[in-house]
Amino acid sequence: MKVLIIDGYIDQPSCLGVPPFLAPLPRYIYGSIKKNKPSWAIDYRTIDQIRKELKKNYQNETPIGFNALRNKNIVILITGVSVPGKYLGGTPLRFSDLKHISNFFSESFKIICGPSTVFGIGEEGGKPSIPIERIDEKIWNLIIKGDPEIVLSILLQKNEDIFYNYQKICQNPDFKDILHLKRKNMEEILEFSVIGAELISLHPNFSENDGGNLTCEIETFRGCPRYLNGGCLFCVEPKKGPTIHRKINSIVKEIISLYKFGVRHFRIGNQTDFYAIHHGIYENKRYPKPNPEIIEELLSKIRNSCPEIRTLHIDNVNALNFALYPKEAEKITRSIIKYCTDGNIAAIGIESVDPKVISMNNLKASADEIMEAISIINRYGKTIGKNGNPAFLPGLNFIMGLQGETEASLNLNYQFLKKILRENYWIRRINLRKFLIPSGFNPKFYKKIKNHLNKFSSKYYKWKNTIRNDIDHPMLKKIYPIGGELKNVYAEKNDGNGTLLRQPGTYPITCFVPRKLDLMQYYNLIVVGHGFRSLNCLKAPIKFINLTQRELEMIDGIGKKRAKAILFKRPLNKKEWLEILPLEIWEEMTKIQPSLLSLIEKKG
Ligand code: SF4
């Protein structure tokens, strides 16, 4: 039997699987099939790879391996984007892809699974996600709404003929129940996760030489500790009930398995709050007590077992840990800095600091409580590390369009960000997202939210631009000053005559280099300018004498005219430079090429 797993990517509030990230689910599915049917041939493609193949097919250019790709007995499509964004590394599955896929694999038994089978396929913030029920059930043979690795395991144990006789079997009501089965505990996935590590060798972002930039997302627990008081009203996590956690040794075993196959970049991101792993009791009824010892154990075991790990980052942090249990939160922060790699980010969901919006949506924390979290993380995390990034900084998420939002709410959020800048706290990124309405959302609310989002559309536009100008830009200048060096930045995409690069890891900064560089290789870069959310860089080391006009123009403060003058006059000493540049820009230039000053002073 030949099986193809198509990864339509996952982006949920507590899990990311858009390349270079690989979510746990495709690996679990691979492991589940391999464990039950070791002789089956399992192939894996991302949705971007499939689109390319289909395009060639439509253009009548028979792609290499076309028949081998099409000739699959079973096709399993994973879909899971409910928090859509813009991604450099790929484009998640859109509803329109389904038709092309089902046509292409017309002869195969087709299964669709993943979070979107429950929450719908999200395509754009502010618009409802598309319910999976809209697909043609005659073409798609099975829709798995439970945990796919568990459901598939049960189906495979029954009989592989199930995939051919499903029509008959479907009439049995038990069968329908199987499709909704969930894990009973987290240990059920251990074997699948360890065996499924093998999938990474099929991923386009993986390289046998150095692991490429493939970053494996790791799961630690399921659910939200705020389920007890209902959680944030827009969020699906609290509906999962009490949190269930993986054993530390199980998480480590999975990471070791991935590491042995060659993975070098990891993000422990598949949970609602990293600080709540194996949390304690609810000493405060708003949130349970964090468990610093267990987090120290987890991180130290990973580092000791995988000495050549290049990236170890986390994701998702609830500010309440810091406000309610500052000692424990501080301890965990110190462990993160000790064991994780630099450039780490605690993504904190603020959503809004307006007290009215907080109360109407039962949000987690107040402005002061969030500021407390930002201050503690800054106390330990600002130091610049070996790869050129601060060790550990907060990243902030806001949601536009929540109930109770007014123009004053937007202003309060803006003032909150201004205060962060004034207090000289560093934050690595601000995520401003429109509320994505999940499928099945109460139609009365849906209409209200839709009207509000439409009405506020121009206000959001202005507000976002003000934040990008007044907060993001000056913040980037503080964190990544001119002349700073970023090490091991991976060339991901050519863009016109330039290249877009990022370091592997959580929310890495995008770097633009105005030169076509060979892709899938690491470079060291020097920061020469700032966008709103990205950096302009040149390949290190820099020698002004070798730069093109375009590269000179990229440097903050130079521009077209001065770039031309530099190329024309070829200044050899400080005096000549100062005939072209003001002193402060000249000083910046000496940071970009430190040898410049001494060398030219001697000649001058
Ligand atoms: S704190 Fe709120 S947003 Fe975060 S997981 Fe819990 S309910 Fe969802």
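What follows is a chat about a predicted model.

Biologist: Let's start with the ligand. Which residues are around the ligand?

Modeller: This is a predicted model, to be clear. Around the ligand you'll find Cys224, Arg226, Gly231, Cys232, Cys235, Glu237, Pro238, Thr272, Asn318, Gly349 and Lys364.

Biologist: And how does that shell divide into nonpolar, polar and charged?

Modeller: The shell has 4 nonpolar, 4 polar and 3 charged residues.

Biologist: I'm also looking at glycine 230. Where is its place?

Modeller: Glycine 230 sits in the loop between strand S9 (221-222) and strand S10 (244-245).

Biologist: Does glycine 230 count as buried or exposed, and why?

Modeller: Exposed, because glycine 230 has 11 C-beta neighbours inside 10 Å, and 12 or fewer counts as exposed.

Biologist: OK, what is glycine 230 in contact with, leaving aside neighbours within four places in sequence?

Modeller: Pro238 and Asn362. Pro238 also turns up among the residues around the ligand.

Biologist: How many Å separate the C-alpha atoms of glycine 230 and asparagine 424?

Modeller: They are separated by 35 Å, and along the chain the two are 194 residues apart.

Biologist: Switching to the inside. How many residues has the largest nonpolar core?

Modeller: That core has 155 residues. Ile5, Ile76, Leu525 and Cys537 have the most contacts inside it.

Biologist: Which helix gives the most to this core?

Modeller: Helix H17, residues 443-479, which contributes 7 residues.

Biologist: Tell me about leucine 525. What does it touch?

Modeller: Not counting residues up to four places away in sequence, leucine 525 touches Leu486, Val489, Leu501, Cys511, Val513, Cys537, Leu538, Lys539 and Ala540. Cys537 is itself one of the core residues with the most contacts.

Biologist: Back to H17. At what angle do helix H16 and H17 pack?

Modeller: About 5 degrees, with the axes 10 Å apart; H16 covers residues 407-422. So H16 is roughly parallel to H17.

Biologist: Which residues in H16 and H17 meet?

Modeller: From H16 there are Glu407, Leu410, Tyr414, Leu417 and Leu421, and they meet Lys459, Trp463, Thr466, Ile467, Ile471, Pro474 and Met475 in H17. By class, this H16 and H17 contact has 9 nonpolar, 1 polar and 2 charged residues.

Biologist: What about helix H11 and helix H13, how far apart are their axes?

Modeller: Their axes are 9 Å apart, and H11 (residues 292-305) packs with H13 (residues 326-339) at about 5 degrees. That angle means H11 is roughly parallel to H13.

Biologist: And the classes in the contact of H11 with H13? What are they?

Modeller: There are 5 nonpolar, 2 polar and 4 charged residues. Among them are Pro292, Ile295 and Arg303 in H11, and Lys331 and Tyr339 in H13.

How values were computed: Residues are numbered from 1 along each chain as its sequence is written. This is a predicted model: local features need pLDDT of at least 70, side-chain atom pairs count only at pLDDT 80 or more; totals for chains, interfaces and linings use all residues. A residue is near a molecule or strand if its C-beta atom, placed from the backbone, lies within 6 Å of it. Ala, Val, Leu, Ile, Met, Phe, Trp, Tyr, Cys and Pro count as nonpolar, Asp, Glu, Lys and Arg as charged, and the others, Gly among them, as polar. A nonpolar core is a set of buried Ala, Val, Leu, Ile, Met, Phe, Trp, Tyr and Cys residues joined through C-beta atoms within 7 Å. A residue is buried if 20 or more other C-beta atoms lie within 10 Å of its own, exposed if 12 or fewer, and partly exposed in between; C-beta atoms are placed from the backbone. Helices (H or I, at least four residues) and strands (E, at least two) are DSSP runs, numbered from the N terminus. Two residues are in contact if their C-beta atoms, placed from the backbone, lie within 7 Å. Axes are lines fitted to C-alpha atoms, for helices over the stretch in contact, and angles run from 0 to 180 degrees between N-to-C directions. Angles under 35 degrees count as roughly parallel, over 145 as roughly antiparallel, 65 to 115 as roughly perpendicular and the rest as oblique.
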